[in-house]
Amino acid sequence: MEVAASEIKSAIHLLSSAGKEEGQSVSTTTFLNLCNLLIQVLDKIGPTMAVLRQDIHQNIRRVEKLYETDRTTYSNLIEIVNKEVEQEVAKKPQSCTKAILWLTRSLEFTLSLLEKVIEDPNGNLQQAVEEAYGTTLKLWHGWISSAAYKVALKLVPDNKTFISLLVAGDDHKMLNEDVKSLLTLLLPVLTDILDILTTHGVDKLKSL
């Protein structure tokens, strides 16, 4: 029985089902469900991810609140971004467009981290987190956010502990297969979202 790996498997199932039903569109509910699964994966790293987890949760809630005001109009991310661009609020600090951008970057960070973990199961998790952060979120963080993550890195557990939480045992081969499946399914979705944001010139927004 696979327990701890359920978040990754749930994400795979979610993306597989969504692909059949929605074609190339990015459903708001599918995206938010993926982000909620992301939080559960990061929780396994421990309190060191508290800052990122809080940011993700706040961004999820921001998009959820808008979606709940009109589930038909805001059924997919394209409509949310288009609407905010038309209203000239897409680049505002509290916009849903900005929330979608940061959630996408957080998903990229998580995918990068998982990929590094399966590439070297006996490696150093702190180094894996630092490298994943350096190629994803760090590019868009200002000095305040970067400093917070630098402190958080000191609390990262060892790689063996993290993997055992992901697979509920020592079945590294199963984790390897699951992560590769997740990468195959999720990367095209993230690319589609970033293409939408790039089209409207809101893909390079930074934090403090």
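**Salt bridges and the core**

Guide: In this predicted model, K44 and E7 join their side chains in a salt bridge, at 3.5 Å from N to O. A salt bridge is a side-chain nitrogen of Lys or Arg within 4 Å of a carboxyl oxygen of Asp or Glu. Side chains of opposite charge can pair when their charged atoms come close. K44 lies in the loop between α2 and α3 and E7 in helix α1, so the pair ties together parts 37 residues apart in sequence. Helices are DSSP runs (H or I, at least four residues), numbered from the N terminus.

Visitor: Are K44 and E7 buried or exposed?

Guide: Both K44 and E7 are buried. Buried means under 20% relative accessible area, exposed over 50%, and partly exposed in between (1.4 Å probe, protein chains only).

Visitor: How many salt bridges does a search of the whole structure find?

Guide: The search finds six. Among them, K9 pairs with D178, their closest N and O atoms being 2.9 Å apart. K9 is in helix α1 and D178 in helix α9, 169 residues apart. D178 is buried, at 8% relative accessible area, whereas K9 is partly exposed, at 25%.

Visitor: Which residues have the most contacts inside the largest nonpolar core?

Guide: They are F31, F109, L113 and L182, in a core of 65 residues. Such a core is a set of buried Ala, Val, Leu, Ile, Met, Phe, Trp, Tyr and Cys residues joined through side-chain atoms within 4.5 Å. Its largest share, 13 residues, comes from α5.

Guide: Residues are numbered from 1 along each chain as its sequence is written. In this predicted model, local features need pLDDT of at least 70, side-chain atom pairs count only at pLDDT 80 or more, totals for chains, interfaces and linings use all residues, and side-chain values use heavy atoms, with hydrogens and water left out.

Key: Helices (H or I, at least four residues) and strands (E, at least two) are DSSP runs, numbered from the N terminus.
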